[in-house]
Structures are given as C-alpha cells and as structure tokens.
Amino acid sequence: MAEANSGQDLAKTMKALVLKTTSEPPTIQTVETPQPTLGSAVVRVLQIKVISYTREVMNGKRNYQFPMPLIPGFSAIGRVAAVGADATMVKPGDLVYVDCTTRSRDNPSDVFLAGVADGYTAGSKRLMKDVWRNWTYAEYCRAPLENLAVLDERRLLGRPGEGGLGYSIDDLSFISTLLVPYGGLRDIELQAGQTIIVAPATGPFGGAAVLVALAMGARVIAMGRNASSLAKLKATVPTPGLVETVQITGDIKAETEALAKFGQADSFFDIGPPEAYQSSHLKSAILSLRHGARISLMGGYREDVAIPHVVIMHKNMQLRGKWMYERSDIADLIKLVEHGILKVGEAAGSHTYGHFSLEQYKEAWDLAAEHTGLGDQILVQP
Ligand SMILES: NC(=O)c1ccc[n+]([C@@H]2O[C@H](COP(=O)([O-])OP(=O)(O)OC[C@H]3O[C@@H](n4cnc5c(N)ncnc54)[C@H](OP(=O)(O)O)[C@@H]3O)[C@@H](O)[C@H]2O)c1
C-alpha cells in the first residue's frame with residue numbers, strides 16, 4: 001500500500017528547537033525532517049502565535065507534563081508540504097491552520113496538546129510520547145490529518161474589492177487564540193441576544209472570549225482587576241455599545257451590586273490563570289446569574305475553587321468544564337472568520353509586536369509575557 005504522496009521532496013534534515021529538560025534552556029538542533037505517513041501530513045510551519053505563559057510551561061514553573069526530548073509547539077499557520085496517501089482533501093500547497101489539540105482515533109477521550117501537554121490519561125500520554133511528540137517549533141511538523149483545517153486563501157488573503165478580506169498571515173495567527181473561548185462558549189450554547197459575564201476579560205484568552213461572544217451575538221459584561229485595561233478593552237472591541245465592564249475588587253458584595261445594574265446574566269465564562277483560583281469574581285459572577293444559567297469553567301486553576309453551591313443548586317444552574325474545543329468548533333470558527341463575522345487582525349484590535357526566528361525563541365517568549373492585552377501578538381517564524 002502506498003504510504004505517502006509527497007508534494008515536494010523534503011530535505012533530509014531540518015532545524016528545530018529541542019527541549020531536553022525543563023531545568024535547562026532548549027537548543028536549536030538539526031534533526032531528521034519528518035516524512036508523511038498514512039493519516040498525516042507534513043507542514044512547513046509559517047508562524048506560531050506565542051502564548052503569554054510559554055516560558056513558564058517550558059521551564060517547568062506551570063508544571064505541565066510532557067515527554068522529553070521534545071520539539072515544543074502550539075497551534076500554527078503552515079503550508080502543506082506532503083501528505084499521506086489517504087488524504088482526500090488536504091493537498092500539498094494548501095494554507096492550513098494546524099491545531100495542537102490531538103485525540104486518539106479509537107478513543108477520542110484520550111486527548112492531549114501536541115507540543116505542550118500530554119493530557120490526563122494513560123492513552124493520551126502514550127500517544128504523545130510514542131507517536132505525536134514533536135510539534136511546531138521546527139521548520140516542518142508532521143500532524144494528524146484531522147488536526148489540519150484548510151484555509152480559504154483567496155477569501156482570507158485576497159484584496160477587498162476582489163472578494164477578499166485583505167488579511168495577512170499574521171492576522172490569521174489570531175485564530176488559535178479565538179478558538180479556545182469559542183470551545184467553551186459553544187459548549188454552554190451561548191445564544192444571540194443573551195448576556196454573558198466574561199472574567200477575567202483582560203488577558204489574551206479572556207479578551208478573545210469577549211470578541212467571540214460579541215460575534216456570536218451576545219452582550220458582554222467584562223470583569224477584570226485593572227480599570228484601565230477594562231477601558232482599553234471596551235475601546236478596542238468592534239461593538240463597544242454591547243460591552244459593559246465591572247472591576248474585580250475582591251469585595252463580592254460590591255461586585256454583585258455592580259453586575260446587578262446590567263440585569264441578571266444568562267451565562268458566565270471563566271478563564272482565570274492558576275493564581276486567580278481564589279479571585280472574588282468566581283462567586284460574584286455566579287451570584288449574578290439568572291435561574292437556569294450556564295457556566296463554562298475554562299480557567300487553568302491547579303487548586304480547588306470554592307463555589308456558591310446553594311445558589312447553583314436552587315437556581316438549576318449548569319456548570320461545565322471545557323478543555324480546548326471540539327474538532328467541529330475549528331471548522332465553525334473558521335467559517336465565522338471567512339464570512340467576515342468574526343474579525344481578526346487590526347479590525348479585531350490585534351497588533352503584532354514582533355516576528356522572531358527559531359533562534360530568537362527566548363526574546364519571543366519574554367516579550368509575550370509582557371504583552372498580554374487583547375490581540376497582542378508575538379510570532380515565531382521557524
Ligand atoms: N481550558 C482551556 O482549554 C484553556 C486554554 C488556554 C488557557 N487556559 C487557561 O486560561 C488562563 C487565562 O489565560 P489568559 O491568556 O487570558 O491570561 P493569562 O495571561 O494566563 O492571565 C492574565 C489574566 O488573568 C488575570 N489575573 C491574573 N492574576 C489574577 C488574580 N489573582 N485574580 C484575578 N485575575 C487575575 C489578569 O488580569 P489583570 O489584568 O488584572 O492582571 C489577566 O486578565 C491561562 O492561564 C490558562 O491556565 C485554559
């Protein structure tokens with residue numbers, strides 16, 4: 001049986017960032033270029049949007065678990081270089097979004113984030129260690145076919161006036177950030193016309209949640225500790241009239257009173273970082289919801305979180321956790337972008353602070369930790 005349908009001859013070796021241990025910095029190495037196999041494609045990685053806490057993941061501070069040596073990575077934009085013989089849609093030359101959320105084919109609950117985290121089951125850990133260990137901080141990446149979403153290049157990159165949206169590849173890198181909150185918002189079935197509390201809304205994924213909720217037709221109450229970041233967020237979003245802000249002060253009574261001014265919300269989307277596990281917003285937001293409200297918990301807390309159980313029980317609320325998103329969410333979000341409903345790039349308040357080579361990974365990771373506002377982008381181009 002044919003194993004591969006190479007679109008071009010891949011060089012035998014390539015450049016990659018390799019992490020051997022979290023106690024030492026990664027190094028640039030020359031490694032074998034991955035070749036396509038059945039069920040996979042090899043993608044020339046064009047750029048990776050750096051997550052604000054990449055440095056803390058790679059130096060072990062965030063305690064993410066992954067096998068080493070590892071070519072790390074996250075989701076990326078790339079161009080298909082070669083495909084396995086069973087690919088029926090993806091072909092060499094296609095511009096693709098490469099997603100890091102990887103699932104076992106015979107047991108989709110074995111899920112892990114390629115290049116970042118090996119998941120929570122024996123199956124997910126084995127699959128990352130033995131099969132999909134290396135990811136996008138390299139010139140080429142071999143990815144499962146189902147992790148690739150072909151982008152309509154003519155529509156997205158084409159000129160306005162000629163049927164295009166006039167985006168650049170930089171703009172498209174924002175898709176990886178928008179997808180995370182989309183997963184949670186789809187999961188709680190956010191409806192057009194509803195009001196949702198997003199907290200904290202001033203970080204990269206929190207700000208993206210505001211944009212996505214607006215594109216889904218909702219009104220947003222954005223919570224955050226920093227009043228000027230909230231004001232900046234409101235000034236940046238495309239429909240500021242649909243965004244209200246409430247400051248997280250630590251005073252639950254004051255926060256619930258401030259939230260009550262906007263009526264009872266239909267849902268609450270939480271996306272706090274690990275250090276916010278005791279933040280007052282978790283209670284004040286839940287106390288401000290209507291009967292039958294839905295709550296999406298996407299925050300990265302490592303500690304247990306206290307919740308107002310009696311209110312959740314008496315008000316028939318639904319509490320749902322969500323790690324990333326479903327595969328179908330990727331195609332659906334890309335449609336929102338291709339149809340111009342969900343903006344990326346400058347129209348979404350996005351700004352790219354720098355492009356970095358693989359060798360400059362440290363500068364990129366340091367800068368990403370500094371620029372954590374809505375739409376802030378630092379891009380690595382291997
Ligand atoms: N479930 C998933 O699939 C998924 C996926 C991706 C990320 N995550 C989690 O989402 C978290 C948030 O991501 P992010 O990129 O938006 O932000 P981030 O860079 O991790 O954190 C910054 C945000 O958290 C706020 N914050 C920091 N410390 C806080 C505290 N003690 N109390 C209240 N708010 C606090 C910041 O507000 P200020 O402006 O006030 O500092 C800012 O809004 C990540 O840390 C990760 O753990 C989950």
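## Exercises on a predicted model

In this predicted model, strand β11 (residues 195-199) pairs with strand β12 (residues 219-224) in the parallel sense, and four bridges join the two. Isoleucine 197 stands opposite isoleucine 221 of β12.

**Exercise 1.** Work out the order of the strands in the open sheet of six strands, and explain why one side of β13 and of β16 is left without a neighbour.

*Solution.* Begin with the order, which reads β13-β12-β11-β14-β15-β16, with parallel pairing. Next, look at the edges, where β13 (243-247) and β16 (318-321) stand; each has a single partner strand, and therefore one side of each has no neighbour in the sheet. Finally, follow the strands across the sheet, where the twist from one strand to the next averages 20°.

**Exercise 2.** Find which strands helix α5 lies across, and which strands helix α8 touches.

*Solution.* Take helix α5 (residues 175-187) to begin with: it lies across β11, β14 (265-270), β15 (289-297) and β16, and it runs at about 145° to β14. Then turn to helix α8 (residues 252-260), which packs on the sheet and touches β11, β12 and β13, with a direction that makes about 165° with that of β13.

**Exercise 3.** Describe how the chain is divided into domains, and state how many residues of each domain are in contact with the other.

*Solution.* The domain assignment gives domain 1 as 4-172 + 345-380 and domain 2 as 178-321. The C-alpha centres of domain 1 and domain 2 lie 29 Å apart, and 14 residues of domain 1 are in contact with 14 residues of domain 2. As for annotation, the unreviewed UniProt entry places "domain: Alcohol dehydrogenase-like N-terminal" on residues 41-149; this span is 13% helix and 32% strand, and its end C-alpha atoms lie 12 Å apart.

Key: Residues are numbered from 1 along each chain as its sequence is written. This is a predicted model: local features need pLDDT of at least 70, side-chain atom pairs count only at pLDDT 80 or more; totals for chains, interfaces and linings use all residues. Side-chain values use heavy atoms; hydrogens and water are left out. Two strands pair if DSSP finds at least two bridges between them. Axes are lines fitted to C-alpha atoms, for helices over the stretch in contact, and angles run from 0 to 180 degrees between N-to-C directions. Contact means heavy atoms within 4.5 Å. UniProt positions are given in the numbering used here, feature names are shortened, and annotations may be inferred rather than shown by experiment. Domain bounds come from an automatic or database domain assignment.
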